[in-house]
Amino acid sequence: MTNTTSISGRRNFLQKIFGGAAVAATAGSVVSYAAASPDTKAKQKQYGMLIDTRKCIGCHSCSVACKAEFDVPLGATRSWVEYIEKGSYPNVSRNFLPRLCNHCRHPQCVDVCPTGATYKRQQDGIVVVDSGVCIGCKYCIQACPYDARFLNPVTGFADKCDFCIHRVSQGLNPSCVNSCVGGARIFGDVSDPNSEISRLIATNPVTVLRPGKGTEPNVYYIGADHSGEHENNRGWYDVRVTTHRRDKDRR
Amino acid sequence: MHELNWGLPVILYLFLAGLGAGAVTVSGSVLLRKGGFGSSRFAVARCGALIGPIPVMLGTFLIVFELGQPFRALNLFKVINLSPMSIGTWLLAAFIIFSLLYALTFVPPSAGPGDRLAGVRRTLAWICVPSGISVAIYTGILLGAMPSRPFWNSPILAGLFLLSALSSGIAAIILMGVFFRRKSSDPDIRNDYHNSSYLLTTSDALLLAGELMIIFLFLLFAHLTIGDVKYAVEVIQSGGALALPFWGLVVGIGILVPFIIEIIQIKPKLLNGGSFNPTPAMEVAISSAILIGGFALRYVIVVAGQITAPAVL
């Protein structure tokens, strides 16, 4: 039932191309597709995260918990916290922006993967990397608008946040949510209108990162400061972004 | 600092694959076309066919070993999907096989126009021309596919890479021709040689003009737009980190200088019915400049795409 529901743009494209042939060849399955689709669309589970940056204190507990959970090699990060410092004395602010994989609805990394090693799971919408199939070509790392991916220096394969798949499949929260001292992170099924995360998204002004890229992220923010260093061009106020990633500016 | 996930091996691959695919495509088209090249047609086609597969295989070797675990590359052949890299892998594999077979038809000492391999050679040329164009063009699509990389995210990149590949292919053929052609005092043979050299040079001038046009459009539209692309293209505009290699090597040495010299060389014959007599030294200089420019183009574009990013988070 679930495998007839399209997730990625590529599959949509294939369906558009081969749709006609499929109608002629497999009328039976098309009938079941038509019957199943309104139903499955509503029930398609999609894990997501809401980060209330007003409650974030920039303590890096999430980053450290993530490092410990996955033994992430030195210099690499699946989860990190950016500091955005803005203004000139006395009108200044420092805002924190916790970052992780957005588990997008239209993941570009999946579209470009030549081996199918990275894919969006049908059962919960988590974007994963199958390190048994990955060849380490780094195409997905180039394609991610959020710079959420890195080449794991130990394994040589692409790596990134997977929403702690081993924990959430057991009904636990991801490690970063578990360790957040401010309670800034809410994890849950965004497709379920009755979940806590859905209620908070519905009742608060939320933003996602780089909405213009068409990825439709599933990590939402309350009170995120989207300022970047390109704003220094204007000369009105200073912006400094510290990513806390080794050798990395924000992409 | 931005990290360069795709470094020198990938840049060299893009250049070498384009060069080889261009040389084989030009060789195939020269072999298949009806008029123009006279008795030197076969020599020009052989030159392109024999050099073409070597850079392509060398470049492929470089990217396979760039993976760190080369045997993992076999996973690419377990699936085919709409990733430009997946399609490119299959195209590249087919191109290497067919261009090698095509090159082999030129190897026997008896090889010549109308020999017993002529039919096979023509069939392979018909396969090599479209697959060569595909290999040259897919490298641009590979980079252009990603909205996360505003510098690359343009359909015009594929066209630029195709023209640059064909131009590099012609440059390689001319360069090899200078070193390996048989010296002859027979006026007919010399005449044929000059004539084929003239046709290659005029084609090359046309390709370089096309490249200039694409670069002009690229910069014009970067200027006319606002947002991500405008910020990204600043890296090759004056004051940008890559302005010097772009304007000096890619545009200056790689395109403008050879284009102007070629125009000066072909003008007497093209417009006034005069003669075309380039000196070997000048041919070597122009071809080398085009090859340097072809490499610099891949270098600047691959690096520029990775050190720029969408402006707004």
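This is a predicted model: local features need pLDDT of at least 70, side-chain atom pairs count only at pLDDT 80 or more; totals for chains, interfaces and linings use all residues.
Within chain A, an open sheet is built from 3 strands in the order β3-β2-β10, with antiparallel pairing. Its edges are formed by β3 (91–99) and β10 (239–242) of chain A, each of which pairs on one side only. On average, neighbouring strands of the sheet are turned by 15 degrees against each other, direction ignored. Strand β2 of chain A, spanning residues 80–88, is joined to the antiparallel β10(A) by 4 bridges. Here A:Glu85 is found opposite A:Arg240 of β10(A).

We turn next to the meeting of the two chains. Chain A contributes 34 residues to the contact and chain B contributes 30 residues. On the side of chain A that touches chain B, the elements giving two or more residues are α1 (9–25), α4 (108–112) and α5 (139–143) of chain A. The most comes from α5(A), with 4 residues.

The largest nonpolar core contains 143 residues, and its members with the most contacts inside it come from both chains: A:Val112, A:Cys140, B:Ala136, B:Leu162, B:Ile173 and B:Val300. Helix α1 of chain B (residues 8–32) supplies the largest share of this core, 15 residues. Leaving aside residues up to four places away in sequence, A:Val112 touches A:Tyr139, A:Cys140 and A:Ala143 in its own chain, along with B:Ser83, B:Met85, B:Ala145 and B:Met146.

Helix α9 of chain B, covering residues 243–272, bends by about 50 degrees at B:Ile266, and the proline B:Pro268 follows within four residues. The buried residues of α9(B) are B:Phe246, B:Val250, B:Val251, B:Gly254, B:Ile255, B:Pro258, B:Phe259, B:Glu262 and B:Gln265. These buried residues pack against α7 (187–224) and α10 (280–307) of chain B. After α9(B) comes B:Gly273, with a positive phi near 65 degrees.

Key. Residues are numbered from 1 along each chain as its sequence is written. Chains are lettered from A and ligands numbered from 1 in the order in which they are written. Two residues are in contact if their C-beta atoms, placed from the backbone, lie within 7 Å. Two strands pair if DSSP finds at least two bridges between them. Axes are lines fitted to C-alpha atoms, for helices over the stretch in contact, and angles run from 0 to 180 degrees between N-to-C directions. A nonpolar core is a set of buried Ala, Val, Leu, Ile, Met, Phe, Trp, Tyr and Cys residues joined through C-beta atoms within 7 Å. A residue is buried if 20 or more other C-beta atoms lie within 10 Å of its own, exposed if 12 or fewer, and partly exposed in between; C-beta atoms are placed from the backbone. The bend at a residue is the angle between axes fitted to the seven residues ending there and the seven starting there.
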